[in-house]
Amino acid sequence: MEREKDLIERRVVLPLAEPERAARHGVRPPRAICLFGPPGTGKTTFARAVASRLGWPFVEILPSRLADGGNLAAALRTAFARIAELDRVLVFIDEVEEIAPVRTEPAGPGGLHGVTNELLKLIPGFRERDERLLVCATNSVRSLDPAFLRPGRFDYLIPIGTPDKAARAAIWSRYTDGRPEVDVDELVLASELFTPADIEHAARVAAQASFERDLLAAGGRGADDPAPGASTADYLAAIAEARPTVTPELVERFAADITSHART
Ligand SMILES: Nc1ncnc2c1ncn2[C@@H]1O[C@H](COP(=O)(O)OP(=O)(O)OP(=O)(O)O)[C@@H](O)[C@H]1O
Ligand SMILES: [Mg+2]
């Protein structure tokens, strides 16, 4: 996923990693970004990768846990106050549309206006200090409150799509352990629009088929003559059976979201 990686590296990681050099050019490091894209494309993985590139602790805020029956807005305020005590931190909020949905009049079920407003108020304070980054992720950027996403709050809105050929090749090679008898190119062609999560699942199905075949073959072959792992045919069968997450309608929706929301 070179395009996404390159964008995140240049816009996000490098200015945060080299703040003085960035400042000499008038570049202000980002303080908040939002990653959007279909389920399983790697948004959480990218957020974790940014923290690890920077060597910063990764703190995930889980609104479902914070709420705990009580007052979510107050719980968010407490969480951000505790986060403010950290020297450096990447704060991650997944499925952020659940706490900052488009504010409808009157408040929809659950009445989240107060929570959205609280988050809007917390972001400026968070942005004031150096060495921190808020990363929000969502499958549904169009459900987010536009005021929440505006420039000044979020520096970049970065689309994370399905992996291209090179990325699929890298992911397949990982799951096939680089075994030379597996035709990775063929798997790559057959798995267009698969997310990393879909590929992971198809690889597991193929491995399981190969394992079961080995067990059935005369009680399993011995350690001195081990059966080979899953074959190209096993992987292709698993791909054919898979129900990819990203349908043509989702592709269209994502393309429209990129046009209307991406800010890179
Ligand atoms: N670039 C990648 N290379 C290899 N595996 C990946 C990559 N990105 C993600 N994965 C794998 O794909 C799966 C889904 O990734 P992740 O949880 O980051 O997706 P997500 O976009 O956060 O999904 P959701 O929208 O459901 O929260 C994970 O098992 C992860 O390890
Ligand atoms: Mg995720």
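Which residue has a polar side-chain atom 2.8 Å from an oxygen atom of ligand 1?

1. Thr44 is the residue in question, with a polar side-chain atom 2.8 Å from a ligand 1 oxygen. Polar contacts here are pairs of N or O atoms within 3.5 Å. The protein covers 72% of the 630 Å² of accessible area that ligand 1 has on its own (Shrake-Rupley method, 1.4 Å probe).

2. Please keep in mind that this is a predicted model, where local features need pLDDT of at least 70 and side-chain atom pairs count only at pLDDT 80 or more, while totals for chains, interfaces and linings use all residues. Residues are numbered from 1 along each chain as written, chains are lettered from A and ligands numbered from 1 in written order, and side-chain values use heavy atoms, without hydrogens and water.

3. Five strands make an open, parallel sheet in the order 2-3-4-1-5 (strands are DSSP E runs of at least two residues, helices H or I runs of at least four, both numbered from the N terminus; pairing takes at least two DSSP bridges). Strand 2 (58-61) and strand 5 (156-159) are the edges, each pairing on one side only.

4. Strand 1 (residues 32-36) pairs with strand 4 (residues 132-138) in the parallel sense over five bridges. Ala32 has Leu134 of strand 4 as its bridge partner. Helix 12 (residues 248-261) packs on the sheet, touching strand 1 and strand 5, and its direction makes about 155° with that of strand 1 (axes are fitted to C-alpha atoms, for helices over the stretch in contact, with angles from 0 to 180 degrees between N-to-C directions).

5. Now to the rings: there are five aromatic pairs (Phe, Tyr or six-membered Trp rings with centres within 6.5 Å; planes under 30 degrees apart are stacked, over 60 edge-to-face, the rest tilted). The centres of Phe36 and Phe254 are 6.1 Å apart and their planes stand at 70°, so this pair is edge-to-face. Phe36 lies in strand 1 and Phe254 in helix 12, so the pair ties together parts 218 residues apart in sequence.

Note on methods:
Contact means heavy atoms within 4.5 Å. A polar contact is a pair of N or O atoms within 3.5 Å; within protein, one must be able to donate a hydrogen and the other to accept it, and residues adjacent in sequence count only if both atoms are side-chain atoms.
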